[in-house]
Amino acid sequence: MSSPQDSSERRAGQGDSADEIRVAENWKLFVAKDYPRLWHSLWCRWKPDGSPVTSFHAERIFKPDGEGGVLQSNIYHYDDERGIVSEGPLCGPWHLTATCGTLDGLVHPARPGMVTWNLPGGDLCWATKQNAVEDGKVFAAACELFVHHDDHLRMSVGIVYGGASGSGPVDENDRFCQTLALVREDARGPWPSQHWSASREACAIEHNGVQAIFEYHGVSPDTTGSGHAVFAGLARSAVEDIAVSQTRWGRCGPGDVILLCSDRNVAIVAPRTYCGAVSCSAAWWPIANVLYIIEMDWDEHGALKALRRMAFPLMQNARRKQ
């Protein structure tokens, strides 16, 4: 993938015409602004060994403002003394408009250091745009990768790097993977979902177990698919005739964290330690005859580099009975 261009926070209307077009296209592909949507969700977060950190139900609510923008708010449903939380810094509302667009990506008001890159169909990544150790600050890097299936299903996986908290002094150079998360979303109504497993468990596997999981779903290394990619500077390209072996899942190694969740229908891979160029990915089998893979890269300097989402058609009867 190409090296990232210089990201200088140039906003729509202030760069040259090519930059303006790319910024405008990224905003156009942000489908949350186009129609109301209430995502009913189950959020689960785990440590790299698969042990649970937290889980709860939530809603992510998007309401177009009638002027081309959108209001987002979140509501959280906890099983402890917190109960229902609908106000506070994690709830919004946040107002997203075309003015949030930059050549680095769409800047969400909740996290100025993170940007959104959008792909056709609504799939996207929300990620830290530049990861570097700064004086007096602990290293931190994070991404959330979103994939849609049909009009009513969506999932996202989140990966967070940084110094371990709550275990004594933290070295600002610690770059361990701290948590991995899965958010399962269904727009048809509150949980339980008609589609999603309600399992809150995750299973960590070794890299040499990846092929068996893919074979379980009827996927071989030579299975081919297609999709879309976006790069630093919001340059875009089609992804055609790519084999599974050419994706991040063909490069799993002993240095990776690999989690299986949602009854083995979602898999997450990320390096155990943030070092050099870093690539994170998720695989999702929403139904028996399709596999989605989404993957994003930070380059060796910590800059957000690339995002790809591919769909791989599978045989109707490929999946074994569970």
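Visitor: Why does Ser193 count as buried?

Guide: In this predicted model, Ser193 has a relative accessibility of 14%. Buried means under 20%, so Ser193 counts as buried.

Visitor: Where is Ser193 found, and with which residues is it in contact, leaving aside its neighbours within four places in sequence?

Guide: Ser193 is in the loop between β12 and β13. With those neighbours set aside, Ser193 is in contact with Asp186 and Arg188.

Visitor: What makes the approach of the Ser193 side chain to the backbone nitrogen of His195 a polar contact?

Guide: The Ser193 side chain reaches that nitrogen at 3.0 Å, and the limit for a polar contact is 3.5 Å. The backbone nitrogen of Trp196 is also reached by the side chain of Ser193, at 3.0 Å.

Visitor: Why does His95 count as partly exposed?

Guide: The relative accessibility of His95 is 40%. Buried requires under 20% and exposed over 50%, so His95 counts as partly exposed. His95 lies in strand β5.

Visitor: What joins the side chains of His95 and Asp65?

Guide: A polar contact of 2.7 Å joins them; the cut-off is 3.5 Å. Asp65 is also one of the residues in contact with His95 once neighbours within four places in sequence are left aside. Leu71 is 24 residues from His95 in sequence, with a C-alpha to C-alpha distance of 4.6 Å.

Visitor: How do you know that the span of helix α1 is close to the expected one?

Guide: Helix α1, residues 17-28, has 12 residues and reaches 16 Å from its first C-alpha to its last. The expected span at 1.5 Å a residue is 16 Å.

Visitor: Which residues of α1 are buried, and what puts them on the same side?

Guide: The buried residues of α1 are Asp19, Val23, Asn26 and Trp27. They cover an arc of only 100° around the axis, which puts them on the same side of α1. An α-helix has 3.6 residues a turn, so residues three or four places apart point the same way.

Visitor: What covers these buried residues, and which exposed residues are on the face turned away from them?

Guide: The cover includes β5, β6, β7, β8 and β15. The face of α1 turned away from its buried side carries the exposed residues Ser17, Ile21 and Lys28.

Visitor: What makes strand β12 mostly covered?

Guide: Nine of the 10 residues of β12 (residues 177-186) are buried, each having under 20% relative accessible area.

Visitor: How do you know that β1 and β11 each pair with β12?

Guide: Pairing needs at least two bridges. Strand β1 (residues 37-46) has seven with β12, in the antiparallel sense, and Trp46 has Leu180 in β12 as its bridge partner. Strand β11 (residues 153-162) is joined to β12 by nine bridges and also runs antiparallel to it; there, Arg154 has Glu185 as its partner.

Visitor: Why are β13 and β15 called edge strands?

Guide: Eight strands form an open sheet in the order β13-β16-β17-β18-β19-β20-β14-β15, with antiparallel pairing. Strands β13 and β15 each pair on one side only. On average, neighbouring strands of this sheet are turned by 20° against each other, direction ignored.

Visitor: How many bridges pair β14 with β20?

Guide: Six bridges pair them, in the antiparallel sense. Ser226 stands opposite Ala311 in β20.

Notes:
Residues numbered from 1 in each chain as written. Predicted model: local features only at pLDDT ≥ 70, side-chain atom pairs only at ≥ 80, totals over all residues. Heavy atoms only, no water. Helix = DSSP H or I, 4+ residues; strand = E, 2+ residues; numbered from the N terminus. Expected span 1.5 Å × (residues − 1). Buried < 20%, exposed > 50% of the residue type's maximum accessible area, 1.4 Å probe, protein only. Arc of directions from axis to C-beta. Contact = heavy atoms within 4.5 Å. Polar contact = N/O pair within 3.5 Å; in protein donor to acceptor, adjacent residues only side chain to side chain. Axes fitted to C-alpha atoms, helices over the stretch in contact; angles between N-to-C directions.
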